[in-house]
Amino acid sequence: MEISSEDNNLMEKVLPPVEQESDVELETKVKKYLRGEGANLETLKDKKLKTQLASREKLYGKSAKAAAKIEKWLLPAEAGYLETEGLEKTWRVKQTDIANEVDILSSRNQYDIVLPDFGPYKLDFTASGRHMLAGGRKGHLALLDMMNMSLIKEIQVRETVRDVAFLHNDQFFAAAQKKYAYIYGRDGTELHCLKERGPVARLRFLKNHFLLASVNMSGQLHYQDVTHGGMVASIRTGKGRTDVMEVNPYNSVVGLGHSGGTVTMWKPTSQAPLVQMQCHPGPVSSVAFHPNGHLMATSGKERKIKIWDLRKFEEVQTIHSFHAKTLSFSQKGLLAAGTGSFVQILGDSSGGSSHNYTRYMNHSMVKGYQIEKVMFRPYEDVIGIGHSMGWSSILIPGSGEPNFDSWVANPFETSKQRREKEVHSLLDKLPPETIMLDPSKIGAMRPSRRKEKPSRGEIEAEKEVAIEAAKSTELKNKTKGRNKPSKRTKKKKEMVENAKRTFPEQEHNTAIKKRRIVEDAAAELPTSLKRFARKN
């Protein structure tokens, strides 16, 4: 029995209004996940290509429909932003106004911890956002449970702390202290002292590769594998001292900002930078990467914030605001910039299509507080601010991802789940060779390129260039009779001969000479031994 299109239309009309609304809602969600307009198959003449593109478009449609259904049924929560009416502006809404409208649990995320004797403070959050690590410049380290608002452990190391970072979970954290970097356990026990790095300025952890990346006071970049403790790479950047360092969450490439206005990107298997961009005319003060990995924000001393598209390495926007000392992207793409005692939140008003960042929210600290670090808390509409008098937390509506995946980051995980997750993450650990600018190329085949043999004229031209280069090479002045004209002439002749040997024609002539020598030797042999000579 076949159902015609008229019957389908009739069935759609018979459906209850609630189900009709859900179908319309599903269609709008499907459009959001589609990859733009499909290819025009009618203009193609190649049947094989036409079939391949048709099957691919069909797969794209199925994946968009599956993603829309998952969003509808499994991701019920939606991110809420500040909305104003008429002439009202979102950046004029203060934290006191927000606190009067939110629930009790959300209002608990607004607080100020005043510790003037140990600041300024650096902050770091775990991937789930449940735990926070605070490190004071004057030696105070504190581990906190943000869900219960309780202090787990605090220690005083009695020396300068420049930066702090969690490792793969809340059980271990690293601190960059005065002379060396140290790794501590959850209970405050010192586990390792990393003396190979020297005095460390910044620390970051690459969770997919279990690598602890750091840059020291002399500008050396180090990668250390925390599973076996071995040093994977030690790279001299050659750009001088820097304290600007960030990791791209998309491809685990480390970005460094330098005093010459350049931003370099590094991986552990290369001694040269993957990318070197001239971003500012003066020193780079901060770098931040968007969660999707395609956008980068940089700030310079010339009081500008620039947004870069890393797919084309082009500047897409310049924001004339202030000298941002620290930058941070939220999970939903909001950009926080902090300087002095002022924090500004920028939002993409175009919804991510044209990357047009405008002012979204403002927050002024108490006069005299100097902001050291701003960082959004994952899966919460909260931003942590480390400053000279302690640390603070304020509400930023729409900054956090409203739905969390318990297989990726679970704020409510038990100790058993944590152990299981740790074992699985160790089994899924990626080697350092997988760090690259475009991780989608992993597992793909490199196109084969047959090397074309150069012509005789090209070989002769290259040979002449190499000989001229060898003749024009300036020799060093040596002492104790090694600088005589005869020895210098002999050295020049050797260099010219070495230049000639590098070409295939020379190798071919050498092989011919060897063959002739063998043939001459075989001709001189007695008749009884000629049968043992090599035959071509």
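Student: Which charged end sits over the ring of Trp-91?

Tutor: Keep in mind throughout that this is a predicted model. The charged end of Arg-359 is the one placed over the ring of Trp-91, at 4.0 Å from the ring's centre.

Student: How should I read pairs of aromatic rings, and how many aromatic pairs does the structure hold?

Tutor: A pair of aromatic rings is described by the distance of the centres and the angle of the planes. The structure holds eight such pairs, and in one of them the rings of Tyr-121 and Trp-391 have centres 5.2 Å apart and planes at 65°, so this pair is edge-to-face. Because Tyr-121 belongs to strand 2 and Trp-391 to strand 28, the pair ties together parts that are 270 residues apart in sequence. Both Tyr-121 and Trp-391 are buried.

Another pair joins Phe-329 and Tyr-357, whose ring centres are 6.2 Å apart with planes at 70°, so this pair is edge-to-face as well. Phe-329 lies in strand 22 and Tyr-357 in strand 25, so the parts tied together here are 28 residues apart in sequence. Phe-329 counts as buried at 10% relative accessibility, and Tyr-357 counts as buried at 4%.

Student: What should I look for in the backbone of the loops?

Tutor: Most residues other than glycine have a negative phi, and most peptide bonds are trans. In this model the peptide bond from Gly-119 to Pro-120 is cis, and Pro-120 is found in the loop between strand 1 and strand 2. Arg-303 has a positive phi near 65° and lies in the loop between strand 19 and strand 20. Phe-313, in the loop between strand 20 and strand 21, also has a positive phi, near 55°.

Student: What is the relative accessible area of Phe-313?

Tutor: The relative accessible area of Phe-313 is 36%, so this residue is partly exposed.

Note on methods:
Residues numbered from 1 in each chain as written. Predicted model: local features only at pLDDT ≥ 70, side-chain atom pairs only at ≥ 80, totals over all residues. Heavy atoms only, no water. Helix = DSSP H or I, 4+ residues; strand = E, 2+ residues; numbered from the N terminus. Buried < 20%, exposed > 50% of the residue type's maximum accessible area, 1.4 Å probe, protein only. Phe/Tyr/Trp six-rings, centres within 6.5 Å; stacked < 30°, edge-to-face > 60°. Lys NZ or Arg CZ within 6 Å of the ring centre and 35° of its normal.
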